[in-house]
Amino acid sequence: MKIKDLPIFQYKNLDYHNRVAVIFMSSGLIMASIASFTNIIFGISFLINLPNLILMIISIILILFFPTQIEKIAVAIMYFIAFLYLPFNFFTGGGYVGSLPIYFVMIMVYFGMYLKTNKAAIIISIVLGIYFSTLIIYSYMNPSLVIPYEDEMSVMIDNIIGMVMVAINIILIGRVTVNRYIHERDYNASLVSELEEKNKQLQEMATTDLLTGLYNRGYFIDVLQKQLDLMKDSNNQIAVMMIDVDKFKDINDTWGHLYGDLILKKISKAILESVREQDVVARYAGDEFIIMIYHLDDETTQNVAERVHQSVVSLSHRENHKTTLSIGVAKVKKNESLENLLKRADENMYHAKKKGRNKVVYK
C-alpha cells in the first residue's frame with residue numbers, strides 16, 4: 001500500500017470515529033514533535049525527551065503496519081498518553097502549573113467520544129478523574145518530585161501551545177460532529193421522504209385501479225359506507241350511478257383485449273371530466289364503472305348522468321366505432337343500507353339495458 005493510500009490520508013472518505021481518530025493522532029504527533037523540538041533547542045536531557053520520541057515512533061509504526069485499524073490504534077495511543085505519557089510529562093514539565101491539566105481534560109473528552117457504552121464512559125471518567133487528581137495532590141505534597149519550569153517565559157510558551165492545541169482539537173471535533181449531525185439529519189430526512197413516497201405508492205396501489213387510474217371497488221365501497229353513516233346525522237343527498245359499457249365483449253372479440261383496455265382508459269377519462277372534483281368515480285368491475293355524487297337535487301343528478309352518458313357516446317374510436325353506456329341511477333333513501341342502494345342502482349342499469357341500451361334510467 002502506498003503512503004498516500006493510507007486511510008489516515010483519506011480523511012474525507014472516513015467515517016465519524018475514524019475522522020476523530022485521525023484528528024487525535026495528528027494532534028498527538030504534532031504535540032510530541034513540538035515538545036521534542038523545543039526540548040532539543042533548550043538543551044533538555046534525552047531522558048525527559050524520551051516519551052515524546054516514543055509517542056512519535058509508536059504512532060508512526062502502528063499506522064504503517066496496521067493502516068486499516070485507525071480506531072483501535074487511536075484507542076491504544078489514548079491509553080498510552082493517559083496513563084504513561086501525560087503523567088511522566090506532568091512531573092517533568094512543571095506539574096499542575098503548566099499546560100498538562102488541559103491535556104488531561106482533552107484526553108478524557110476523547111475517551112468519552114470513543115467508548116461504546118455509557119457504563120464504560122462513566123467508569124473511565126471516574127478512573128481518570130481519580131488518577132489525575134491523585135497526581136496533582138501527590139505533586140502538591142511532594143513538590144521536589146516535580147521538575148519546575150526554568151522561567152516564566154517557558155510557562156507562558158507551554159500554556160500558549162497547550163491552549164492552541166486544545167482549541168484546534170475542539171474546533172476540528174466540533175466540525176466533525178456538526179457535519180455528522182447534518183449528514184445523519186439529511187440521511188434520515190431522505191429516508192422519511194422515501195418512506196412517505198413508498199407509503200403513498202402503497203396507498204395508491206391499495207385504492208387505485210391500475211388500468212384506468214380510477215379508484216377501485218374496495219375504496220369506493222369504503223367511502224360510500226362512510227357517507228351513508230354521516231347521512232344519519234345530516235341532510236346530505238347522495239346518488240349512485242352504476243355504469244356498464246354496452247357490448248364491450250364484442251369490442252374485445254373484434255379488436256382484441258389491448259384495444260379494449262384502450263377504450264376503457266378513454267371512457268374513464270371522459271367520465272372524470274364530466275363530473276365534479278368532489279364526486280367519486282371508480283372502476284366497479286371489468287367494463288362497469290360507478291359514481292357517487294353529492295348534494296344535488298333530482299333534476300341536476302339526472303343532468304349529470306346524461307352528461308356522463310353523452311361524453312362517452314361522443315368519443316371516436318377505430319373505424320368510426322362508437323361506444324354507448326347503460327346507466328342506472330339510484331338516490332339514497334333514509335336509513336338505506338349500502339347493499340340495497342347498490343342493488344337499486346344495478347337494477348336500474350339492467351333496466352336500461354332491457355330498454356335497448358344506450359340509456360339512463362333514474363328511479
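1. Is Y79 buried, partly exposed or exposed? Y79 is partly exposed, at a relative accessible area of 38%, where buried means under 20%, exposed over 50% and partly exposed in between, for a 1.4 Å probe and protein chains only.

2. This is a predicted model, in which local features need pLDDT of at least 70 and side-chain atom pairs count only at pLDDT 80 or more, while totals for chains, interfaces and linings use all residues. Residues are numbered from 1 along each chain as its sequence is written, and side-chain values use heavy atoms, with hydrogens and water left out.

3. Nine aromatic pairs turn up in a search of the whole structure; rings of Phe, Tyr and Trp (its six-membered ring) pair if their centres lie within 6.5 Å, with planes under 30 degrees apart called stacked, over 60 edge-to-face and the rest tilted. Y79 and F111 make an edge-to-face pair, 4.9 Å centre to centre and with 70 degrees between the planes. Because Y79 belongs to helix α3 and F111 to helix α4 (residues 100–114), this pair ties together parts that are 32 residues apart in sequence; helices here are DSSP runs (H or I, at least four residues) numbered from the N terminus. F111 is buried, with a relative accessible area of 2%.

4. Y215 and Y219 form a stacked pair, at 4.2 Å centre to centre and 25 degrees between the planes. Y215 is partly exposed at 34% relative accessibility, and Y219 is partly exposed with a relative accessible area of 26%.

5. Ring pairs also join Y79, F83, F90, F91, F104, F111, Y131 and F132 into a cluster. Among the residues of α3 that meet α5 are Y79, F83, F90 and F91, and their partners in α5 include Y131 and F132, contact meaning heavy atoms within 4.5 Å. The residues of this contact comprise 14 nonpolar, one polar and no charged, with Ala, Val, Leu, Ile, Met, Phe, Trp, Tyr, Cys and Pro counted as nonpolar, Asp, Glu, Lys and Arg as charged, and the others, Gly among them, as polar.

6. Helix α3 (residues 70–92) packs with helix α5 (residues 118–141) at an angle of about 10 degrees, their axes being 11 Å apart, and the two are therefore roughly parallel. Angles under 35 degrees count as roughly parallel, over 145 as roughly antiparallel, 65 to 115 as roughly perpendicular and the rest as oblique; axes are lines fitted to C-alpha atoms, for helices over the stretch in contact, with angles from 0 to 180 degrees between N-to-C directions.

7. Helix α1 (residues 16–41) and helix α6 (residues 152–207) cross at roughly 170 degrees, with axes that come within 10 Å, and are therefore roughly antiparallel. The residues of their contact divide into 11 nonpolar, three polar and two charged.
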